[in-house]
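Dear colleague,

I am passing on the model we spoke about, with the sequence alongside.

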Amino acid sequence: MNADEMRAGVLAELKRIAPELEADELKRDRPLRDQVDLDSMDWLNFLVALHERFKVEIPESDYKRLGTFDEIVAYLARASRS
């Protein structure tokens, strides 16, 4: 999977959790939860959806490394290569 496909997949899962999201307004280097106003349950559902879509384990200890859209994409890219 290339980087564009991975970004599109992350965005698709995010829009399933937050359908009101305007993708063109998303700032990829800003904290995602603040921009999209995800509560803790929405955030967990989003991470589970990423796990299922990309077949990547995301341990709870790594959640703090997944703050921005770009960080999430980079994390998934690294994990999928392992």
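This is a predicted model: local features need pLDDT of at least 70, side-chain atom pairs count only at pLDDT 80 or more; totals for chains, interfaces and linings use all residues.

Residues are numbered from 1 along each chain as its sequence is written, and side-chain values use heavy atoms, with hydrogens and water left out.

Overall build

The chain has four helices and zero strands, where helices (H or I, at least four residues) and strands (E, at least two) are DSSP runs numbered from the N terminus. Its radius of gyration, taken over C-alpha atoms, is 12 Å, close to the 12 Å that the globule rule gives for 82 residues, so the chain is as compact as a globular protein of that length; the rule itself is 2.2 Å times the number of residues to the power 0.38. Along the principal axes, the C-alpha trace spans about 35 × 25 × 20 Å.

Of the 82 residues, 33% count as buried, a word that here means under 20% relative accessible area, with exposed meaning over 50% and partly exposed in between (1.4 Å probe, protein chains only). If contact is taken as heavy atoms within 4.5 Å, then among contacts between residues at least 6 apart in sequence, 50% join residues at least 24 apart.

A loop residue

Thr68 sits in the loop between α3 (40–54) and α4 (69–81), and at 10% relative accessibility it counts as buried. Which residues is Thr68 in contact with, leaving aside its neighbours within four places in sequence? They are Arg28, Asp29, Arg30, Pro31 and Leu32.

Salt bridges

Side chains of opposite charge can pair when their charged atoms come close. With a salt bridge defined as a side-chain nitrogen of Lys or Arg within 4 Å of a carboxyl oxygen of Asp or Glu, the count comes to four, and I describe some of them here.

Glu13 takes part in a salt bridge with Arg16 (2.4 Å, N to O), and Arg16 and Glu13 both lie in helix α1 (residues 3–17), three residues apart, about one turn of the helix. The two ends of that pair are placed as follows: Arg16 is exposed, with a relative accessible area of 60%, whereas Glu13, at 5% relative accessibility, counts as buried.

Glu13 also meets the side chain of Arg53 in a salt bridge (2.8 Å, N to O). Because Arg53 lies in helix α3 and Glu13 in helix α1, this pair ties together parts that are 40 residues apart in sequence. Arg53 itself is partly exposed, its relative accessible area being 41%.

Elsewhere, Asp62 and Arg65 meet through their side chains in a salt bridge (3.3 Å, N to O); Asp62 is buried, with a relative accessible area of 14%, and Arg65 is partly exposed, at 42%. Salt bridges that share partners join Glu13, Arg16 and Arg53 into one network.
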